[in-house]
Each structure stands twice: as C-alpha cells, then as structure tokens.
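Please look over the structure shown below before reading on.

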Amino acid sequence: MWPTAELHVHIEGTLDADLIRALADRNGLPVPAGAGRGAPFRDLQDFLDVYYANLDVLRTRQDFHDLGAAYLARAAAAGVRHAEIFVDPQSHTARGVPVEDVLLGLSAALADARAAHGMSGGLIACFLRHLGPDAAMAALEAVLPHREHLIAVGLDSTEVGFPPALFRDVFERAAAEGLRRVAHAGEEGGPDYVWEALDILGAERIDHGNRALEDVELVAHLRATRTPLTVCPLSNLALRTAGPDLADHPIAVMLDEGLRASVHSDDPAYFGGYLDDNVRALVAAGTVTEDQVGVLAANAVASSFLPDAGKAALLAEIRAHAEQIGAAVPALALDPAAV
C-alpha cells in the first residue's frame with residue numbers, strides 16, 4: 001500500500017458490529033437495532049438515524065480508547081501514516097458522557113498508535129450542524145479546556161438547510177484560539193455551500209466537495225488556491241451523492257482539473273471499506289490508475305496539518321514506494337516545496 005494520510009474519517013463511523021456488541025455487553029446495554037446495518041441507505045438522514053442510535057454503547061473513557069485503537073490499527077494496515085480524526089463531542093455529551101472522557105480516551109489511543117505503528121495524528125472536533133450555531137458555540141466552549149488534544153474544528157452532519165454561514169461566529173472563535181478549520185460542504189449542498197465554507201468560515205479544507213465541479217469559477221478558485229478536497233468514494237456510492245457507480249465518480253474529473261483531491265474512508269463501518277478499500281475499488285472500476293493512486297496519497301499528505309518537516313518525511317516515503325513498485329513518482333513527492 002502507498003503510505004498516506006487519512007483526513008476524512010469519523011471515529012464514530014468506525015464503530016463496527018463486533019465492537020458495538022462488545023461495548024454493549026461491557027456496559028450492560030441492549031445491542032442497538034441497527035448494529036451491523038450497512039449500505040444501502042435511502043439517503044444521508046437514513047444513515048444518520050442508524051449511526052446516532054449505535055453510539056449509545058459508547059459510555060466510558062476506555063470505550064473511546066478502544067474505538068480509537070481499533071480504527072488506528074486498521075488504518076495502519078491500510079498504509080495510513082498520519083490520521084486526522086473527526087469526533088463529534090455533542091453526540092456524546094448529550095448522552096451524559098463527559099467531554100474529557102471522549103477526548104482523553106481517543107488521545108490515549110493516538111499515543112498508543114505512535115508507539116505501536118509509528119503513526120502520527122490528532123483530533124478534529126466537529127459541530128453537528130443540525131443542532132444549530134448556539135449549540136456549536138457551547139460545544140466549542142466545552143472542548144477548549146482540552147485544547148492540547150485538538151488540531152482543528154469541523155462542521156458535519158445534515159448539510160442541506162444548515163448552510164456554513166450560520167456558523168460564522170463559532171469558526172471565528174475557533175480561529176482566534178489557534179485551531180485550524182475544515183468543513184463538510186458540497187456533498188448534498190450545492191457550490192454555494194462550498195463558497196460559504198471558504199469565504200465565511202475560512203475553511204482550509206473542504207470535506208467532500210463533489211458539487212464544486214458544478215461551478216467553473218469555483219473549480220478555478222480551488223485550483224489556484226490549492227484548497228484540498230477530502231473525497232470519500234464508497235460513502236458517496238452508499239448515500240447516492242455522486243453518480244450511479246464508481247466508474248462515474250468525480251474524483252477522476254478533480255484530478256484532471258488539477259485539484260488537490262485525496263481519498264478517505266468517511267464512515268467505513270457503514271460504507272463498506274477503509275481507505276485502502278476505497279482506493280482498490282476506484283482502481284478496479286477504472287476510475288484511477290496506479291500512478292494516480294500515488295498522486296492521491298501525495299495530495300493527502302500535502303493537505304494535512306502536519307508541520308513542513310512531517311510532510312516532507314511522508315512525501316519521501318511516497319517517493320520511495322513509487323520507485324520500489326516502478327510507478328511514476330508524484331510531482332509533490334519530487335518537489336515538497338510545492339506543497
């Protein structure tokens with residue numbers, strides 16, 4: 001596998017049926033009715049209903065550690081050398097779980113992964129847009145005492161009807177606290193949602209961004225600014241948000257347009273695969289070539305919040321891997337200064 005970075009994975013979306021049952025047993029809880037249910041889903045909301053119900057089994061700091069550890073071990077096997085992991089604190093504090101148990105449990109798993117797998121990483125606290133901007137600000141206030149465990153804030157959950165502009169104040173506050181900013185946009189919402197995420201929230205990465213391709217001016221802007229798009233093909237297929245099959249997935253157009261797009265797993269327990277599964281599925285569908293897989297890996301590293309030295313080290317790994325398998329060396333791996 002190509003060494004790479006994972007930048008778009010919801011840790012709650014890695015909660016698979018086996019772990020759900022184990023945690024339910026540990027905590028003396030019934031197994032949720034949706035345990036083990038995967039794609040197809042009718043739409044994003046149908047998926048989210050199952051997703052949120054399954055989270056009830058996560059109750060303790062150890063639960064969150066075990067959730068993080070299981071994902072990180074699987075990610076390491078997929079070639080992931082650096083993981084920037086989404087977590088939704090509001091999904092847990094609403095159930096009475098202290099926010100420190102969420103963040104400290106996951107942070108402990110990241111520390112263990114550094115020791116066991118040589119992986120680096122960090123947490124991105126996401127705001128659930130369907131709960132509104134006031135709840136998002138309260139969530140930010142709750143996580144700020146644990147600022148050292150966070151690298152960024154994000155915006156996720158139901159997109160349509162909750163445009164990025166609603167969250168201007170909370171993103172401004174997060175920026176003032178030195179947190180990086182990312183946002184889901186252009187998955188179900190149109191190009192206007194992407195523009196708002198960039199112009200109003202100051203988002204440094206767009207998560208998904210498929211519908212950006214509908215706006216020629218936006219495509220030109222994304223290319224000129226090297227704004228990253230973190231794309232999740234199997235998720236798009238499962239939720240029917242990008243074409244009827246992977247052969248038509250917009251990742252190919254993104255690469256042809258020179259956009260800084262990369263591939264990630266989103267919610268792999270529900271959508272049929274981790275990062276390597278997504279890549280293999282794209283190659284099997286003829287959507288991308290092996291050489292383009294290297295470009296996607298390099299784009300992911302360049303799009304991360306790693307310091308320059310960390311990016312350069314990972315790009316060197318990518319170059320070495322390309323040379324080892326006889327693939328073309330991605331341009332970014334040849335010239336890390338272009339990052």
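The model is predicted. UniProt, in an unreviewed entry, lists Glu 187 under "active site". Glu 187 is buried, and so is Ser 304, because both have a relative accessible area under 20%.

**The annotated residue**

- Glu 187 lies in the loop that runs between β5 (180-185) and α8 (191-199).
- The relative accessible area of Glu 187 is 7%, so this residue counts as buried, the cut-off being 20%.
- Apart from neighbours within four places in sequence, the residues in contact with Glu 187 are Leu 44, Glu 159, His 208, Arg 211, Ser 235, Leu 239 and Thr 241.

**Helices α1 and α3**

- Two packed helices are described by the angle between their axes and the distance between the axes.
- Helix α1 (residues 17-26) packs with helix α3 (residues 61-77) at about 165°, and their axes are 11 Å apart.
- That angle makes α1 roughly antiparallel to α3, because angles over 145 degrees are counted that way.
- The crossing in which α1 passes α3 is right-handed.
- On the α1 side the contact is made by Leu 19, Leu 23 and Arg 26, and on the α3 side by Gln 62, Asp 63, Asp 66 and Leu 67.
- Sorted by class, the contact of α1 with α3 has three nonpolar, one polar and three charged residues.

**Helices α3 and α5**

- α3 also meets helix α5 (residues 99-117), where the axes come within 7 Å and cross at roughly 35°.
- α3 passes α5 in a crossing that is right-handed.
- From α3, the contact residues include Phe 64, Gly 68, Ala 69, Leu 72, Ala 73 and Ala 76.
- From α5, the contact residues include Val 102, Leu 104, Gly 105, Leu 106, Ala 108, Ala 109 and His 117.
- Across the contact of α3 with α5, the residues divide into 12 nonpolar, four polar and four charged.

**Helices α8 and α9**

- The axes of α8 and helix α9 (residues 216-225) cross at roughly 35° and come within 10 Å.
- Here the crossing, with α8 passing α9, is left-handed.
- In α8, Pro 191, Val 194, Trp 195 and Leu 198 meet Glu 217, Leu 218, His 221 and Leu 222 of α9.
- The contact of α8 with α9 has six nonpolar residues, one polar and one charged.

**Ser 304**

- Ser 304 sits in the loop between α14 (290-303) and α15 (308-325).
- With a relative accessible area of 3%, Ser 304 is buried.
- Not counting residues up to four places away in sequence, Ser 304 touches Leu 7, His 82, Glu 84, Arg 205 and Lys 311.
- Between the C-alpha atoms of Ser 304 and Asp 215 the separation is 25 Å, and the two residues are 89 residues apart along the chain.

**Loop residues with a positive phi**

- Most residues other than glycine have a negative phi.
- Ser 157 is not a glycine, yet has a positive phi of about 80°.
- The loop between β4 (150-156) and α7 (168-176) holds Ser 157, which is buried with a relative accessible area of 11%.
- Asp 266, a residue other than glycine, has a positive phi near 65°.
- The place of Asp 266 is the loop between β8 (260-263) and α12 (268-271), and at 3% relative accessibility Asp 266 counts as buried.

Conventions:
Residues numbered from 1 in each chain as written. Predicted model: local features only at pLDDT ≥ 70, side-chain atom pairs only at ≥ 80, totals over all residues. Heavy atoms only, no water. UniProt positions renumbered as here; feature names shortened; annotations may be inferred. Helix = DSSP H or I, 4+ residues; strand = E, 2+ residues; numbered from the N terminus. Buried < 20%, exposed > 50% of the residue type's maximum accessible area, 1.4 Å probe, protein only. Contact = heavy atoms within 4.5 Å. Axes fitted to C-alpha atoms, helices over the stretch in contact; angles between N-to-C directions. Parallel < 35°, antiparallel > 145°, perpendicular 65-115°, else oblique. Left-handed = near helix turned anticlockwise from the far one by under 90°. Nonpolar A, V, L, I, M, F, W, Y, C, P; charged D, E, K, R; others polar.
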